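Colleague: I am new to reading protein models. Could you walk me through one with me?

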Amino acid sequence: MAINRIGVLTSGGDCAGLNAVIRAVTRRAILKYGWQVYGVNDGSHGLFDRPPRFQELTLPDFTGTVLRMGGTILGSVNSGDPFDFPMPDGTRQDRSAEIIDGYAQLGLDALIAIGGDGSLAILRELAQQGDWNLVGIPKTIDNDVDMTENAVGYVTAVDVATEALDRLQPTAASHNRVMILEVMGRDHGHIAINAGIAGGADVILIPEIPFDLDRIKSKFEDVLSEEGRSFALVIVAEGVRPIGETIDKNIGQYLGQHIAEMTGAETRVTVLGHTQRGRTPSPRDRLFASAFGIHAVDLVAEGKFDRMVAWSSRDCIDVPLADVVGHSRAVDPDGSIVRTARGLGICLGD
Ligand code: F6P
């Protein structure tokens, strides 16, 4: 089919590198194929409104600074599932037909959606119902989109978390404290284990490996007796939960309290939060973003839809969206990153 106009949108939580993707999509679509590019505002919500909200993207929109900017120039949303949309009166409605119609109103021939697993699942459903030509690009600091080694935004988040450990270590050492850093990652521990190794953590806790407080206690005893150190660094993923216990506080605060009680050490907790999302993208994220954007546009040109671009073994490839949605990619407890942590003598709580 002839393509004249494509849409591009960002969906779900923002992260570093989204603007670099939008730039790559726009440049490839215009420079190689001469298409018009519409950036849909605020994820699929831009397609709700009448007229639908969008901005035409042209080459002068990307004169240099956008590539370096965190966030997304298009806006994004991470709530409001159109199939179960929360209405102002408290009821929930299926508003998918309105979004599907928004695509038609904009006269789009294809849509490139930059999203995490949740967003891509919803957009795929809309595409199937509305007969859209959809290509997905994975992004999320959590790096839990299946079928790709990297999602845009993840590397930058690991950089931020590692730098936080670098900054906490001097205080830990100067004051003989246990410094606990809680990082994001939703249900998975990719950020925690990667930043923990890079940042020299003594203890790394991730949702994929259940922890036992006694193991942490004996790790601190080892640190003291074998390494002669009276300070330690702990990194914990936000999704970690104690077994058989419900907690009414952040996992970082829970650990801070228990570690202080168990060891008598002075502890401090830092919750890194959204600082992991907003930074200028790392060079690596800009490279993933650029490769993904180009490849996604080329898929549209080839008429290959219902696919997601992905990174695998140093290459930009594409995979069926059907294989991506409905599940997420966890840290492999037997994989090389976990083996590396164990090899360094890092306590993983088990
Ligand atoms: O999925 C990205 C993410 O940053 C998670 O790591 C985190 O749990 C969540 O989004 C935070 O969402 P919000 O921005 O709505 O607080």
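This is a predicted model: local features need pLDDT of at least 70, side-chain atom pairs count only at pLDDT 80 or more; totals for chains, interfaces and linings use all residues.

Colleague: How many helices and strands are in the protein?

Modeller: Helices (H or I, at least four residues) and strands (E, at least two) are DSSP runs, numbered from the N terminus. Here the protein has 9 helices and 13 strands.

Colleague: How do I read the radius of gyration of the protein?

Modeller: That radius is taken over C-alpha atoms, and the globule rule to set beside it is 2.2 Å times the number of residues to the power 0.38. For this protein the radius is 22 Å, close to the 20 Å from the rule for 350 residues, so the protein is as compact as a globular protein of that length. The C-alpha trace spans about 70 × 45 × 35 Å along its principal axes.

Colleague: And what share of the residues is buried?

Modeller: Buried means under 20% relative accessible area, exposed over 50%, and partly exposed in between (1.4 Å probe, protein chains only). In this model, 53% of the 350 residues are buried.

Colleague: Which contacts does Ala341 make?

Modeller: Contact means heavy atoms within 4.5 Å. Ala341 sits in helix H9 (residues 336-343) and is buried, its relative accessible area being 0%. Setting aside neighbours within four places in sequence, Ala341 touches Ile193, Ile197, Ile346 and Leu348. Ile197 is 144 residues from Ala341 along the chain, yet their C-alpha atoms are separated by 6.3 Å. Across the protein, 72% of contacts between residues at least 6 apart in sequence join residues at least 24 apart.

Colleague: How many disulfides does the structure hold?

Modeller: A disulfide is a covalent bond between the sulfur atoms of two cysteines. In practice, the test is a pair of cysteine sulfur atoms within 2.5 Å. The structure holds 0 disulfides. Cys15 is in none, and the nearest cysteine sulfur, in Cys316, is 16 Å away.

Terms used:
Residues are numbered from 1 along each chain as its sequence is written. Side-chain values use heavy atoms; hydrogens and water are left out.
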